[in-house]
Amino acid sequence: MQLARFTLLLCCGLFSLTARGEVLPVYCDDWPGFCHQDGGGLYLDLARHIYQPLGYRIRPQIMPYKRALAMVTKGGQGMTMGVYLHEVEGVRWPHYPDGADDVTVFMLDKWRAGWQGEQSLAQQRVLWQRGWAFDKYIGVPMRWYEVNSHQDAMSLLQKERYRYYLSAGVLHTDERLPPGLNRVFLRWLPTYPIFASDAAGLKLQQQWDQGMARLIHSGELTRLYRENGLLDYYRDFLRGLRHKGEGQSAR
């Protein structure tokens, strides 16, 4: 009787642990539309729709970007969202991105007429916020500098100390530009979740790719963009992602 009772308690305990699910920390910076302190945003919605049906409990962890990177690159836990491809080493990269930055260039109106795309950045004094890595993905040499905030960059442009400022335009869609400043889209730069290089990270990476393929094929991905107020801005990117998914399915 005692043995049967012990076995029953043990089984109940194991069932309880399984029912609660494995905790999955999801690290990201506080980016409007993507990661919010209240647990909302596209990145966190993606994590929930992919991993919760598999029994995981999503635990959002909002923190500065560099620290979020370190949680996976050094700590080997969970997943970090919104990372440029090959920005860091020693981690696993999935096939499908979690989104993209629309690299946008801010400049004075007087430079807009002569703008010729990426080539105009060559050898110019260029700004971006600390922690970004545009120099790894833009194919012309720039004299680049980091600033602490978007506001600092805009102020320096107006003082004509620098020619251009690069950022993700989607973060500033509601912003009214100061007089004399202009903005122009440069290109899409996909971002990815990263996972630890161990077996657990491999499992999460494979589950991500399977889940993203499902969300793309079912149309759920488009719905999540719409619910987060990002659909109009990202229509072209999503169209390309659907083509990528169709090509992958055809293999």
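Author: Over residues 1-19 the pLDDT stays under 50, and for this stretch the model has 0 contacts beyond four places in sequence. The model is a predicted one. Helix α1, residues 2-20, has the lowest mean pLDDT among the elements of the chain, at 42. Where pLDDT is low, the predicted coordinates should not be read in detail. The chain as a whole averages a pLDDT of 88, and 89% of the residues score at least 70.

At the other end of the scale is helix α2, with the highest mean pLDDT among the elements, 98. The axis of α2 (residues 42-51) comes within 9 Å of the axis of helix α6 (residues 199-218), and the two cross at roughly 100°. The two helices are therefore roughly perpendicular to each other. On the α2 side the contact is made by L46, H49, I50 and Y51; α6 contributes L204, Q207, W208, G211, M212, R214 and L215. By type, the residues of this contact divide into 7 nonpolar, 3 polar and 1 charged.

Strand β1, residues 22-28, pairs with strand β3 in the parallel sense over 2 bridges. Y27 has T80 of β3 as its bridge partner. T80 also stands opposite I194 in strand β9. The pairing of β3 with β9 (residues 181-196) is antiparallel and runs over 4 bridges.

Key:
Residues are numbered from 1 along each chain as its sequence is written. This is a predicted model: local features need pLDDT of at least 70, side-chain atom pairs count only at pLDDT 80 or more; totals for chains, interfaces and linings use all residues. Side-chain values use heavy atoms; hydrogens and water are left out. Axes are lines fitted to C-alpha atoms, for helices over the stretch in contact, and angles run from 0 to 180 degrees between N-to-C directions. Angles under 35 degrees count as roughly parallel, over 145 as roughly antiparallel, 65 to 115 as roughly perpendicular and the rest as oblique. Contact means heavy atoms within 4.5 Å. Ala, Val, Leu, Ile, Met, Phe, Trp, Tyr, Cys and Pro count as nonpolar, Asp, Glu, Lys and Arg as charged, and the others, Gly among them, as polar. pLDDT is the predictor's confidence in each residue, from 0 to 100. Two strands pair if DSSP finds at least two bridges between them.
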